[in-house]
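This briefing is written for a student who is meeting the structure for the first time. Please keep the three-dimensional view open while reading the points that follow.

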Amino acid sequence: MTGQPNIVLILADDMGYGDFGCFNYGASRTPALDHLVSEGVSLTQHYSASPVCAPARASLMTGRYPHRTGVIDTLETRGLDRLALRELTVAELLKRAGYATGLVGKWHNGAYDSRYHPNRRGFDEFAGFSGGWQPYYQWNLDRNGSVSRADGRYLTDVFTDEATEFILRHRRDQFFLYLAYNAPHFPFEAPEADAAPYKAGGNFTPAVSHIYAMIECMDRGIARVLDALDRSGLADNTIVMFSSDNGPQFGGNGEMCTDRFNCGFAGAKTLVYEGGIRLPMVLRWPAGLDGGRQVHDMIHFTDWLPTLLALAGTEAPRDLKLDGINVSPTLQGERGKVPSERFWQWNRYTPDGECNAAMRDGRWKLVRPAIRELMLVSNDDLAMDIQSKYNPENFDDIVRAPEPERVKPAPPPAQLFDIVSDPFERNDLAAREPERVSRMTNALASWFEDVEQDRLAIHD
């Protein structure tokens, strides 16, 4: 082990295992990420806290389940992405420990009130956007509260430029850089030179061709970030982490992505099956972690705040109620040190614990399937979401109108899977294990009641 390491946390947007060239038989080209996988520590059972962006990011920042933080949906125009002001972020806590802190890219934890701005949530420097997505050529970039319009560059390249400049600027400091690329999130736009090879031969839909090109461009950017660490003499004692916020998008926005490979996992973005929440995570820290190996324990987004604090030689306040644990012993090779139970739930607007919810208990996973009527967004909210990206000057506060009225049908029966023997969730064992289903259903309901009590106590 060594002294305080620098930390570079790189997060993609809507990227799954199957988007890595080393996992998709070379369908996409990701040499930098493939090299990280080969020389770093790869986690094979790494889970997001949510199958969608904003709630997942809230957990990553706080070490707490999304509901507790107040972040329950992606709709920033309704304020449903707002990270409650009482919450402490990993950036705030590392800043207290003497780190220079920077966020480059996507925030998505509060867009229309300066109290929720990244500069007020622990980040000394911010260059990015606060909402859910941006166009890649017609972007608006917020640099510490000052917004500039697109200058002809591709947004992924802009973020890479900002990240490398942050590293060079702080090469004599201890720093935490959160590099949150929005690739390969919609809209599916990429430089034509990158997209053309994927379009050739007709192997992929236009959407997937652009997605793989977007990922390839991001991969080049990651290579530049790693090179900046090398040139600054910082690579040995810098923890580099790469993951995604949730699983890949297979459809929506009029684009078909059904030929996008995801290693056979069931489901995708928005769903709590493995394809929506089980994500790649690779870490490289030459001075502190032996590389070239895999860790098979179940690790969750909520674990990263206490873990990074421990690796930085500090800890969270004793009265901070965390859902995650410090998994640094697990990363070092110790087995059996992580919780056996983890939980997930997400639907549109107000949460419903009987919809799109899941629990892992060791090898067992219970799923409450999604209820279609609770997974839909109103046309008005969809239109506002798009307009807020292209014409942000027309939006300065959240919409406070009531949520759309919906009729909830009877929920479908719970499903049960043995994730060890059936990682692709093909064999529902609920009928064979009624007592286990009942026990896990009750545990999931108790968890949901607990986190909802925290959410309902928010008074921002």
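In this predicted model, four strands form an open sheet in the order 11-12-13-14, and their pairing is antiparallel. The edges of the sheet are strand 11 (341-345) and strand 14 (415-418); each has a single partner strand, so one side of each is left without a neighbour in the sheet. From one strand to the next, the twist averages 15°.

**The sheet and the helix packed on it**

- Strand 11 pairs with strand 12 (residues 357-361) in the antiparallel sense, and five bridges connect them.

- Two packed helices are described by the angle between their axes and the distance between the axes.
- The axes of helix 1 (residues 31-39) and helix 7 (residues 206-231) come within 7 Å and cross at roughly 60°. Helix 1 and helix 7 are therefore oblique to each other.
- Helix 1 contributes P31, A32, L33 and L36 to this contact, while helix 7 contributes D219, I222, A223 and L226.
- Sorted by class, the residues of the contact of helix 1 with helix 7 are seven nonpolar, no polar and one charged.
- Helix 6 and helix 7 pack with their axes 8 Å apart, at an angle of about 130°. This angle makes helix 6 oblique to helix 7.
- The crossing of helix 6 and helix 7 is right-handed.
- On the side of helix 6 the contact is made by D194, A195, Y198 and K199, and on the side of helix 7 by S209, H210, Y212, A213, E216, C217 and R220.
- The contact of helix 6 with helix 7 divides into five nonpolar, two polar and four charged residues.

**A buried arginine**

- R57 belongs to helix 2 (residues 53-62).
- The relative accessibility of R57 is 0%, so R57 counts as buried.
- Leaving aside neighbours within four places in sequence, R57 is in contact with L11, A12, D13, K106, W107, H108, N109, Y178, A180 and D245.

**Cis peptide bonds**

- A183 and P184 are joined by a cis peptide bond, with omega about 0°.
- P184 is placed in the loop between strand 7 (175-180) and helix 6 (192-199).
- F186 and P187 are likewise joined by a cis peptide bond, and omega is about 0°.
- P187 is also placed in the loop between strand 7 and helix 6.

**Residues with a positive phi**

- N144 is not a glycine, yet its phi is positive, at about 50°.
- N144 is found in the loop between strand 5 (140-143) and strand 6 (146-149). With a relative accessible area of 44%, N144 is partly exposed.
- C263 is not a glycine either, and its phi is positive, at about 60°.
- C263 lies in the loop between strand 8 (238-244) and helix 8 (274-277). Its relative accessible area is 22%, and C263 is therefore partly exposed, since buried means under 20%.

Notes
Residues are numbered from 1 along each chain as its sequence is written. This is a predicted model: local features need pLDDT of at least 70, side-chain atom pairs count only at pLDDT 80 or more; totals for chains, interfaces and linings use all residues. Side-chain values use heavy atoms; hydrogens and water are left out. Helices (H or I, at least four residues) and strands (E, at least two) are DSSP runs, numbered from the N terminus. Buried means under 20% relative accessible area, exposed over 50%, partly exposed in between (1.4 Å probe, protein chains only). Contact means heavy atoms within 4.5 Å. Axes are lines fitted to C-alpha atoms, for helices over the stretch in contact, and angles run from 0 to 180 degrees between N-to-C directions. Angles under 35 degrees count as roughly parallel, over 145 as roughly antiparallel, 65 to 115 as roughly perpendicular and the rest as oblique. Ala, Val, Leu, Ile, Met, Phe, Trp, Tyr, Cys and Pro count as nonpolar, Asp, Glu, Lys and Arg as charged, and the others, Gly among them, as polar. Two strands pair if DSSP finds at least two bridges between them. A crossing is left-handed if the near helix is turned anticlockwise from the far one by less than a right angle, and right-handed if clockwise.
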